[in-house]
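Q: I'd like to learn how to read a protein model. Could you walk me through this one?

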Amino acid sequence: MASSAVPLSAQAATWLKTGGATSKPYGHVAYCRGRASDCRAHGGSGRLAPSRMQMLQSINTSVNRAIKPVSDSKLYGRREVWSFPTDAGDCEDYVLAKRAALLRNGYKPGDLLIAVGRKRGEAHAVLVVRTVDGDFVLDNMEDQVMPVRRAGMRFSKIQSPVDAGSWVKVTGKTSNPSILK
């Protein structure tokens with residue numbers, strides 16, 4: 001948990017460093033077929049104001065509490081389905097619900113990137129909010145919004161910051177925002 005003496009935004013100052021294009025997650029490909037407007041080119045990131053951090057925290061916590069964790073196999077009888085959950089879903093569904101809520105509250109698509117990788121040894125997806133103060137992670141396994149460097153996840157790929165239909169490799173973390181693509 002972040003120290004109350006130091007604002008969370010001041011603790012972030014780390015971004016996911018990206019490389020070249022990579023494969024798209026299977027569920028995202030199917031999701032984009034049905035929601036093409038949600039998977040197009042868009043602008044880059046903006047600046048997260050302190051009042052906006054409260055919104056991130058509020059939406060992360062409320063979505064985490066509103067949705068019951070259930071695998072796609074149990075819910076749909078299929079291995080991978082990305083959808084907007086009403087009351088149950090898996091990690092990608094939490095991400096989509098959080099992303100939709102933040103978009104309704106004025107966030108730009110280029111600030112809200114779906115990332116995948118491994119957490120606790122299992123495949124996992126989270127929402128990364130990209131700001132000039134660093135990348136922040138909204139995770140269904142954590143109520144606290146975390147700076148990317150404290151997320152406890154090994155990231156492998158992330159949506160392109162300029163095209164929600166494309167994905168890029170995560171090659172590490174950086175504290176130098178000038179190298180971000």
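Q: Let's start with two tryptophans: are Trp82 and Trp167 buried or exposed?

A: This is a predicted model, and in it Trp82 and Trp167 are both buried. For scale, a residue counts as buried when its relative accessible area is under 20%. Across the protein chain, 50% of the 181 residues fall in that class.

Q: How many aromatic pairs does the structure hold?

A: There are two aromatic pairs. To describe a pair of aromatic rings, you give the distance of the centres and the angle of the planes. Trp82 and Trp167 make an edge-to-face pair, with 6.4 Å from centre to centre and 70 degrees between the planes.

Q: What pattern does the protein chain follow along the sequence?

A: Reading along the sequence, you get α-β-α-α-β-α-β-α-β-β-β-β-β-β. That comes from five helices and nine strands. Contacts tell you about the fold too: among those in the protein chain with a separation of 6 or more, 64% are between residues 24 or more positions apart.

Q: Now the strands. In which sense do E1 and E9 pair?

A: Here's the general idea: in a regular strand, side chains alternate between the two faces of the sheet. In this model, strand E1 (residues 15-21) pairs with strand E9 (residues 163-174) in the antiparallel sense, over five bridges. You can find Ala21 opposite Val168 in E9.

Q: How many bridges join E8 to E9?

A: Four bridges join strand E8 (residues 154-160) to E9, and these strands run antiparallel. Lys157 is the residue opposite Lys169 in E9. E8 and E9 form a hairpin, with two residues between them.

Q: Where is Arg130, and is Arg130 buried or exposed?

A: Arg130 is in strand E5. Its relative accessible area is 4%, so Arg130 is buried. The side chain of Arg130 reaches the backbone oxygen of Leu16 at 2.9 Å. Arg130 and Pro161 are 31 residues apart along the chain, yet their C-alpha atoms are separated by 8.5 Å.

Q: And Arg120: buried or exposed?

A: Arg120 is exposed, because its relative accessible area is 58%. Arg120 belongs to the loop between strand E4 (112-119) and strand E5 (122-131). Check its backbone as well: Arg120 has a positive phi of about 55 degrees although it is not a glycine.

Q: What does the side chain of Thr61 lie 3.0 Å from?

A: A polar atom of the Thr61 side chain is 3.0 Å from the backbone oxygen of Gln57. Thr61 is in helix H3 (residues 50-66), and Thr61 is buried, with a relative accessible area of 15%.

Q: Last one: where is confidence lowest and where is it highest in the protein chain?

A: Where pLDDT is low, the predicted coordinates should not be read in detail. Here, confidence is lowest in helix H1 (residues 8-12), with a mean of 55, and highest in E8, at 96. Over residues 1-6 the pLDDT is below 50, and this stretch has seven contacts in the model beyond near neighbours in sequence. For the protein chain, the mean pLDDT is 87, and 86% of its residues reach 70 or more.

Technical notes: Residues numbered from 1 in each chain as written. Predicted model: local features only at pLDDT ≥ 70, side-chain atom pairs only at ≥ 80, totals over all residues. Heavy atoms only, no water. Buried < 20%, exposed > 50% of the residue type's maximum accessible area, 1.4 Å probe, protein only. Polar contact = N/O pair within 3.5 Å; in protein donor to acceptor, adjacent residues only side chain to side chain. Pairing = 2+ DSSP bridges. pLDDT = per-residue confidence, 0-100. Contact = heavy atoms within 4.5 Å. Phe/Tyr/Trp six-rings, centres within 6.5 Å; stacked < 30°, edge-to-face > 60°.
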